[in-house]
Amino acid sequence: MSRRGGKVALLGLVTAGFAFLYLPLVVLVLFSFNGSKLVSVWGGWSTKWYLELFSNEQILNAAWLSLKIAMINATGATLLGTMAGLVLARFGRFGGRALFTGLIAAPLVMPDVIIGISLLLTFVSMEQFIGWPHGRGIDTILIAHITFSTAYVAIVVQSRASGLDRSIEEAALDLGARPITAFLLITLPMLAPALASGWLLAFTLSLDDLVIASFVSGPGSSTLPMVIFSKVRLGVTPEINALATLLIGAVALAAGAATWIQIRRSTKA
Amino acid sequence: MSDQATTDAYSERPWEAPDRHEPVVRLRGIVKRFGSVEAVAGVDLDVYRGEIFCLLGGSGCGKTTLLRMLAGLELPNAGSIEIDGEDVTALPPYERPVNMMFQSYALFPHMSVSANVAFGLKRDGIRGQELEDRVSQALAQLELTDFANRRPHQLSGGQRQRVALARAIVKRPKLLLLDEPLGALDKRLRENAQYQLIKLADDTGITMIVVTHDQEEAMVLSTRSAVMDKGSVRQVGTPTELYERPGSRFVGAFLGNITLFDGTVAAIRDGIAELKVDGLDTPLFAAAGQVAIGSRGALALRPEKVRIGREGTAPEGQINRLGGTVEGLAYLGDVTSYRVRTEHGVLVEVTRANSENAAKRDVDWDDRVDLWFEPENALLLGAD
């Protein structure tokens with residue numbers, strides 16, 4: 001086979017691979033512009049489902065709720081996860097370190113269903129014994145999300161922190177910085193990329209979660225994935241396609257921004 | 001009065017008259033344990049103003065731990081550290097009048113060169129014009145002015161080393177600690193950096209303590225060095241003292257090459273000891289160190305102190321002479337290095353300066369040769 005033939009074959013394989021990954025998304029985006037009510041019948045180009053989507057109070061409310069939860073969750077998980085990650089990376093071999101590491105990482109491997117049930121049971125019995133939380137709603141979803149997102153942030157921060165040269169912080173102390181100043185001016189900026197990716201990861205995990213939220217949400221606190229799922233059970237509507245297309249656009253934009261920041265940092269920083 | 005006059009007449013080396021000089025750094029009984037391992041096992045040291053003092057030793061000898069205790073990054077389990085008369089044993093690093101240059105340089109990666117240098121001054125509340133002046137002065141001193149706005153990763157190794165140095169001297173510490181300051185530089189850069197460091201010590205008058213494993217570096221840099229082994233100081237001295245008059249086999253072997261002949265001291269006359277060397281019929285003579293008649297000892301011989309010539313060329317009347325065979329020969333340009341096996345089986349290292357064109361060799365591989373040396377150029381060491 002010629003060199004050229006090899007190249008063509010390679011190109012074919014790559015195309016097939018990407019088609020496997022992205023064809024479903026392309027189909028979805030195309031059908032979001034379908035003028036016909038029937039999902040499988042092409043009825044010409046139209047943006048009417050987008051208009052309809054923006055007048056659908058239920059979906060808009062759920063979307064807004066999901067965004068709020070995702071942002072608060074990401075911030076809370078980043079705070080807690082950073083602390084846990086730093087302890088893992090920095091405090092050497094304290095007693096019970098292996099146990100601590102295992103406990104931090106457990107939510108990564110625990111099935112969502114089990115996390116959901118266990119949290120639901122906890123919330124119900126807490127309400128019985130201490131009277132809080134009152135029923136289930138945004139609070140309980142937030143607690144649940146922060147619980148498992150923290151684990152992811154901790155892992156990300158730990159790997160970055162263990163890679164840092166310890167003597168850089170020692171140099172700051174040596175030059176007269178108190179520990180808190182050294183942390184704020186030196187450690188934190190060096191950890192910034194890990195904090196940013198940890199935050200984004202926690203944000204996406206929360207936005208994406210259907211199973212755990214289903215267990216711990218209450219009336220009036222349906223997140224976007226829950227609303228979509230309940231609608232889809234009655235059949236896929238073009239409205240959902242439009243919503244999904246918007247979500248794909250948003251995710252692509254965020255991923256692009258994150259990459260751009262990374263590239264800019266590595267060339268400038 | 002007259003005493004004062006003689007002190008001023010020539011600049012006295014402070015460590016030779018400790019009663020007239022206060023050391024800048026005074027270490028007493030420093031012990032540091034990590035778990036059950038004693039990293040530093042009772043160290044006493046005095047370092048005087050303006051010295052470049054080297055802590056010299058192999059890896060794991062405790063030199064870096066000692067340096068980190070001076071910086072306040074480790075606390076000793078026992079002992080006291082005084083800097084300029086003040087007991088700093090328990091002070092945290094940010095309250096000590098000491099700055100350190102780290103082996104990895106430890107530059108702040110997210111800050112420009114000038115921000116790195118300004119960091120320490122800002123912690124002291126220095127702002128505005130004074131801050132700018134002092135930063136640019138330090139940058140100029142280390143030829144970094146053109147790189148002020150670069151980030152560390154945009155610099156070469158030599159430039160990074162100079163930034164680390166500028167950052168450590170800009171606060172004018174009473175004591176500058178340097179952990180393997182030239183270890184990461186290639187040979188050519190290192191030679192320049194050595195002289196730059198000496199000039200910096202001269203210009204600023206800052207007392208420096210340098211950790212190094214490289215004996216040549218210690219020789220070039222130091223006013224005095226402490227040779228360390230297993231957490232203890234084996235000997236403190238000027239480069240000449242350590243090289244020419246090592247107090248022990250360890251120190252002698254650590255600094256440069258040395259050949260040792262073990263034997264028993266037969267007599268001592270006029271400071272010259274006669275050694276009955278094991279396995280050799282004729283005795284050898286050397287300057288007596290701390291040895292007594294009848295005790296075991298070792299004659300220490302530096303390669304460049306030995307003369308070499310074809311068999312039968314040793315001058316008449318030379319009391320120290322040995323016969324042997326050339327087992328190895330390395331032409332290094334400026335010198336030629338020989339390895340000669342004596343009749344009693346000891347391998348002697350000999351170097352000879354090639355002060356004349358060495359292209360025609362008078363001594364070659366497998367030649368029978370004579371070795372000889374002056375008694376005062378060899379040293380008798382105790383048996384330890």
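Please keep in mind that the model is predicted. Chains A and B meet in a contact that draws 15 residues from chain A and 17 residues from chain B. The largest nonpolar core holds 126 residues, and five strands of chain B close into a barrel.

**Where the chains meet**

- On the side of chain B that touches chain A, strand S6 (98–101) and helix H3 (113–123) each supply at least two residues.
- H3(B) gives the largest share of that side, with three residues.
- By type, the residues on this side of chain B are ten nonpolar, four polar and three charged.

**The nonpolar cores**

- In soluble globular proteins, nonpolar side chains tend to be buried together.
- Within the largest core, the residues that touch the most other members are B:Leu55, B:Leu70, B:Ala166, B:Ile169, B:Leu177, B:Met208 and B:Ile209.
- Helix H6 (residues 138–163) of chain A contributes the largest share of this core, twelve residues.
- A second, separate core has 30 residues, including B:Leu301, B:Val306, B:Ile308 and B:Tyr338.
- Leaving aside residues up to four places away in sequence, B:Leu177 touches B:Leu67, B:Leu70, B:Ala71, B:Val98, B:Met100 and B:Ile209.

**The barrel in chain B**

- Going around the barrel, the strand order is S11-S12-S13-S20-S14, with mixed pairing.
- From one strand to the next, the twist averages 55 degrees.
- Strand S11 (residues 259–269) of chain B pairs with strand S14 (residues 296–301) of chain B in the antiparallel sense, over six bridges.
- B:Gly263 has B:Gly297 as its bridge partner in S14(B).

Conventions. Residues numbered from 1 in each chain as written. Chains lettered and ligands numbered in written order. Predicted model: local features only at pLDDT ≥ 70, side-chain atom pairs only at ≥ 80, totals over all residues. Contact = placed C-beta atoms within 7 Å. Helix = DSSP H or I, 4+ residues; strand = E, 2+ residues; numbered from the N terminus. Nonpolar A, V, L, I, M, F, W, Y, C, P; charged D, E, K, R; others polar. Core = buried A, V, L, I, M, F, W, Y, C linked by C-beta atoms within 7 Å. Buried ≥ 20, exposed ≤ 12 C-beta atoms within 10 Å, placed from the backbone. Pairing = 2+ DSSP bridges. Axes fitted to C-alpha atoms, helices over the stretch in contact; angles between N-to-C directions.
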